[in-house]
Amino acid sequence: MTTAAHYDLILARCRELFLAKTHDYGTAWRILRLPSVTDQIFIKANRIRTIQEVGQQLIADDVDGEFVAIINYCLIALMQLRLPADAPLDLPADQVAASYDEENARNRDLLLAKNHDYGEAWRQMRVSSITDLILMKLHRIKQLEDLGGAARVSEGVEGGYRDMLNYAVFALILRGKTGS
């Protein structure tokens, strides 16, 4: 199966979960400032790393679910970046779905372009290394957030969220978790 096909399967699963949670909770995530979204991703990635290092877990939530959560939190961050400062906290479900799909499409295009240029090198990586890359990106984003946008040479937080989203997709592909 191609990377694009894997991506589509994984993101369909993520979208289904995201929209189901939108039905249940509305857009409660809108209350989160961007650094809070970053911290939520950190919690998920750090838990994955802890489980990888310790070799066991005590809470039933599986690692694959944590990678799915990273994907959806990255999409939340990307949607938050595009919303105007005065956007309401409660957004209609159809607007949320459209925004999710728009950010997903942008991200898919980026993944395929980078995948072409890098020659699918990620397929030779360990999932633990991908987890470390997500954590590294998180530390970079936190630094950028702490600088208040005064970065000199960085691609900015948007690129970091997109990279983490793609790393989480790669991890799920490598773990063989592309289905529903």
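The report below takes the cysteines, then the salt bridges.

This is a predicted model, in which local features need pLDDT of at least 70 and side-chain atom pairs count only at pLDDT 80 or more, while totals for chains, interfaces and linings use all residues. Residues are numbered from 1 along each chain as its sequence is written, and side-chain values use heavy atoms, with hydrogens and water left out.

**Cysteines**

The disulfide count is zero. A disulfide here is a pair of cysteine sulfur atoms within 2.5 Å. Cys14 takes part in none, and the nearest cysteine sulfur, that of Cys74, lies 10 Å away. Seen from Cys74, the closest cysteine sulfur is that of Cys14, and at 10 Å it is too far for a bond. Burial is judged by relative accessible area: buried is under 20%, exposed is over 50%, and partly exposed is in between (1.4 Å probe, protein chains only). Cys14 is buried, at 0%. Cys74 is buried too, with a relative accessible area of 0%.

**Salt bridges**

A salt bridge is a side-chain nitrogen of Lys or Arg within 4 Å of a carboxyl oxygen of Asp or Glu. This rule gives 17 salt bridges.

| Lys114 | Asp163 | 2.8 Å |

Helices (H or I, at least four residues) are DSSP runs, numbered from the N terminus. The Lys114 pair links distant parts of the chain: Lys114 sits in helix α4 (residues 93-118) and Asp163 in helix α6 (residues 157-174), 49 residues apart. For the other pair, Lys137 lies in helix α5 (residues 127-146) and Asp163 in helix α6, so this bridge ties together parts that are 26 residues apart in sequence.

How accessible are these partners? Asp163 is buried, with a relative accessible area of 6%. Lys137 also counts as buried, at 7%. Lys114 is partly exposed, at 31% relative accessibility.

Some bridges share partners. Through them, Arg82, Glu102, Glu103, Arg106, Glu158 and Arg162 form one network.

How values were computed. Helix = DSSP H or I, 4+ residues; strand = E, 2+ residues; numbered from the N terminus.
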